[in-house]
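Me: I'd like to go through this model together, one question at a time. Could you take a look?

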Amino acid sequence: MTVFAYGVAAWLVLIGIFGVVRSHNLIHTVICVSIAQSGTYVLLLTIGYQRGAVAPIFGSSTPKGTPVVDPVVQAMTLTDIVVSATVTALLLALVIQVAKRHGTIEPDELRTLRG
Amino acid sequence: MAGIIAVQALPTLLIAVPVAGASVLLAVGRFLPHRLVDGLAVATTAVNIVLAVLLWQATGNGQVVTWAGGWQPRPHLVVGIVLVADRTGTGLALLIAVLAGCALLFSWRYFNSVHAHYQALVLLFSAGMTGFVLTGDLFDMFVFFELMGAAGYALAGFKIEEAESVQGGLTFGVLNSLGAYLCLSGIGLLYARTGALGLPQLSTALSGHGMDPLVLAAFVLICTGWLVKAAAVPFHFWLADAHAVAPSPVCVLFSGVMAPLGVYGVARVYWVVFHGVVPDAAMHRAMLVLGVVTAALGAVMCLTQRHIKRLLAYSTIAHIGLFLLGIAALNALGVAGTSVYLAGHAAVKGALFLLTGLLLSRYGSVDELGLYGRARQHRVAGCAFVLAALALAGLPPFGTGLGKGLIDDAGGSPLLTALSVAVSALTGGAALRVALRVYFGLGRRPHPDTTAAEEITGQDEQPDLRPPHDRTPISMIAAIAILLAGGLATGLAPGFATAIGRAAATFVDQHGYVARALSAERLPSQVPPPVAWTTSGVLLGLLATALAIGVAVAGLYGRVPGWLRAPIKRPLSGLHELHSGHVGDYAAWLVLGSAALAGLLIV
């Protein structure tokens, strides 16, 4: 089960990068970047996963000593999601400007910067 | 003043002050007069300069360690996020503050139509970089990496009315984000193996554990992330685009510190965490190959540009290659050489970018051929450009010459020395060629038909700044003068070289770092390497300068002989075609580079 989750994480990162390589639409490119990032969420959560453990919130229903999943990677994932939201929004805003200035969002047709 | 502020608060303040300044500017900037906005921004960087100097004094030969919220690891408690400021990190923080100050000074009263966004972004950008150099936590390095990244993408694409600008910003954003996610995957794998994120804790955990394929994979992924920022070949494609389109004062920060911070990241993570785990021979080989390829490709691409900002950007790539060669020596002398060189290069390259910014604001073009002889009346700027170009080639007594000499000594190989002289001569010569052609009208008059459709000329760039006044504003001149003086100071200032030598000895002292961070124990300081001008260093610097003049003259007057034209044309145009401007191609190169790095470390 865990091996499967690690496989999914690696797959998401690689397919995201592959999507950027093969992309014919800049919106698709930006979404592929966030798919690659989703791979890192799955990886981090899998690292902290324990079979039979509960969420790391101690209280009346979860007394001290109950096995819980690792809260550190969950905090890292949350941070990562915030980063993702910022970067995706910024990149999409740039795509809108590319569409306005170049009249296209096909990366093959953007030829102003080269060499 | 150091008595009023607890020493432990200094690293935190260095990060918090620019963030606070940016927040204030974003909140009330639109209601304030422009002068006040600029004044606040420059004052914020001035506060940071003072804080960095205080921290430099407090670090001595050790580290200032700050555990956030007092959460220090002790028995039954392993969490805690740490800032570990040593002299290398503090020196970089000082450099960041000085360069941000110069960038803001240069753009004084400009960009004022946009609610202080520009000033706030520069401050956030410098906060991200400062955090990156002061933190002692691997995940925090990633977070600060992303903070400087996000601010950097926005700054690169700042001139949104320009087609190139938004495209360059987008390429920069996509490539650096992918690098960052590979890096985060590596951090995750390392956490899975050790259960630690702090650099000192990771060091302890790994030294007991040793090497295995997972640790190696983590190291490759983390290094990939930092090397994308460092723009080592083949991760370098975004850099020229981002530099070509970003406002010139922003290029000072991009070229001077942001890209070199990638090299810092690799060196820091290697020396604190992976030293003794990754074999020395493998690390040496990987850095050597990356450094040589980066330096050579950057120099060739630099020489064959006519867009002045792209030319300077490729020269930055070439010099990043030389930084990597300094790291490849894997000793304190190499680190000291890289540190001195980094500081000297930042000052000199910053001055060159600002002078280019002046050209752009006057003539609305950064095309070397198009500007032929047009800036003749700006003799002083021309002389400054010539001086900075010679300093780039390593003219003594500039800090670049001192740093290069030390890297050559650390490398200890005549071949590497020859490469470093050649790279210095080619990049310095290219910059000198620009200066002589544009400011002094030397060389053959370019044919009107040389505007090849395939090349980027930089003819129709939008000026960064408002239409020129009759006289160059004093704030712009001041920024350029500060940078040139800084370049001289890094080579001449008594005590600077000695201090860098001691900082480098501390930097490579893995046990000292861990002991100081985890148990506040101060181990005896290491013997610093000899950091001073040597006769061979001075002679090599003069040789590189002379060769640079030769390269410039050849570029101005020489013709490529007919028999040589065909054999060099095809590889050159192939090389230029590789830089296709297509973000997908660049992403493919990123994966290939990561695989190549793994191969270099395993073989």
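**Strands, contact and shape**

Me: How many bridges join strand β1 (residues 64-67) of chain B to β2(B)?
Reply: This is a predicted model, where local features need pLDDT of at least 70, side-chain atom pairs count only at pLDDT 80 or more, and totals for chains, interfaces and linings use all residues. Residues are numbered from 1 along each chain as its sequence is written, with chains lettered from A and ligands numbered from 1 in the order in which they are written. Strands are DSSP runs (E, at least two residues; helices are H or I, at least four), numbered from the N terminus, and two strands pair if DSSP finds at least two bridges between them. β1(B) and β2(B) run antiparallel, and the bridges joining them number four.

Me: Which residue in β2(B) does Thr66(B) stand opposite?
Reply: β2 of chain B spans residues 82-85. Thr66(B) has as its opposite number there Leu83(B).

Me: Are the faces of β2(B) buried or exposed?
Reply: Buried takes 20 or more other C-beta atoms within 10 Å of a residue's own, exposed 12 or fewer, and partly exposed is in between, with C-beta atoms placed from the backbone. Val82(B) and Val84(B) lie on one side, Leu83(B) and Ala85(B) on the other, and they are all buried.

Me: Which helix supplies the largest share of the side of chain A that touches chain B?
Reply: Contact means C-beta atoms, placed from the backbone, within 7 Å. The contact takes 38 residues from chain A and 39 residues from chain B. On chain A's side, α1 (2-22), α2 (26-48) and α3 (71-102) each give at least two residues. The largest share is 15 residues, from α3(A).

Conventions
Contact = placed C-beta atoms within 7 Å.
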